[in-house]
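These entries record what I looked up in the structure. I began with the packing of helices and then turned to the pairing of strands.

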Amino acid sequence: MNNCYPFVNTPLPYGYAALEPYIDEKTMKLHHDRHLQTYIDNLNTLMEENPVLKQYTLEELLMNWCRMPQRIGIPVRNNAGGVYNHRFFFEGMGIRRKDFCDYEIIREIEKKFFSMQAFMELFKKTALGVFGSGYAWLVWEQKGLRIMTTANQNTPNLAVQCPLLNLDVWEHAYYLKHYNVRAAYIDDWFQTIDWRRVEIRYQSIRTAGEM
Ligand code: MN
C-alpha cells in the first residue's frame with residue numbers, strides 16, 4: 001500500500017464497471033480518476049511546499065494535523081482525509097459481495113444492532129442525516145461497534161476509532177446515476193459492500209488487540 005510521499009493513485013481492485021448496475025461505470029471512473037486524483041495531487045504539492053510533512057505516513061498525517069500550524073493543518077486534514085476516505089471507500093466495495101454469512105463481523109453487527117436489517121436501516125438513516133458533504137462510518141471504538149458521521153473529508157479519530165466501513169455521501173458519488181436521491185444511492189451501495197474486506201479489517205483490529 002502506497003501510504004507515504006509521494007502518493008500515487010493506486011488502481012481500483014476491480015474494474016470501473018464491476019459495480020454495475022448499482023454504481024455506474026462513469027461515476028466510478030470520475031470518482032477515482034478525477035476526484036481522488038485531485039486529493040492526491042494536492043497532498044503531494046502540500047508536502048513539497050512543506051517538506052517536514054514528508055516524514056509522516058497517511059495515517060500519521062491524519063493523527064497529527066491538529067498539532068500543526070493552522071495554515072498547514074487544515075489543508076492536511078482536507079487532502080490527506082480525501083485520500084484516506086476515498087481509498088477506504090473504494091476498497092470496501094467489490095464483486096465478492098454475496099458471501100458474508102460466516103463472518104464474525106456479521107455476528108458482531110447482529111449482536112449490537114439486533115439484525116443486519118436493523119443495522120442497514122440505522123446506517124441509512126445516519127447517512128441521510130449528513131448535511132451537505134461527508135461520510136457515514138461503521139467504526140470499532142472502546143470495544144464496540146458504532147455508526148457515526150464525519151463532515152467534508154474529515155476522518156474518524158484514528159487514535160481511538162478503527163474504521164470498518166465508510167460511505168461517501170458527497171453528491172459526486174451518486175449524482176450522475178441517482179441524481180439528488182441519496183436514499184436510492186445508499187440502497188444500491190449496500191449491494192456493493194465487500195463484506196470479506198470488512199471482516200479482514202475487523203480481524204486485524206481484534207488480532208492487534210487494539211481498543
Ligand atoms: Mn468522493
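Predicted model: local features only at pLDDT ≥ 70, side-chain atom pairs only at ≥ 80, totals over all residues.

By class, I recorded eight nonpolar, no polar and three charged residues in the contact of helix 5 with helix 7.

I then took the geometry. The axes of helix 5 (residues 116-128) and helix 7 (residues 182-190) cross at roughly 140° and come within 10 Å.

Helix 5 contributes Met120, Phe123, Lys124, Ala127 and Leu128. From helix 7 I noted Arg182, Ala183, Ile186, Asp187, Trp189 and Phe190.

**Strand pairing**

I turned to strand 1 (residues 134-141), which runs antiparallel to strand 2 (residues 144-151) and is joined to strand 2 by eight bridges. In this pairing I found glutamate 141 opposite glycine 144 of strand 2. The two strands form a hairpin with two residues between them. In the turn, I noted that glutamine 142 has a positive phi of about 45°.

I also followed strand 1 to strand 3: seven bridges join them, and they too run antiparallel. Here tyrosine 135 stands opposite aspartate 168 in strand 3.

Is strand 3 (residues 161-168) mostly covered or exposed? I recorded strand 3 as mostly covered, with eight of its eight residues buried.

Key:
Residues numbered from 1 in each chain as written. Heavy atoms only, no water. Pairing = 2+ DSSP bridges. Helix = DSSP H or I, 4+ residues; strand = E, 2+ residues; numbered from the N terminus. Axes fitted to C-alpha atoms, helices over the stretch in contact; angles between N-to-C directions. Contact = heavy atoms within 4.5 Å. Nonpolar A, V, L, I, M, F, W, Y, C, P; charged D, E, K, R; others polar. Buried < 20%, exposed > 50% of the residue type's maximum accessible area, 1.4 Å probe, protein only.
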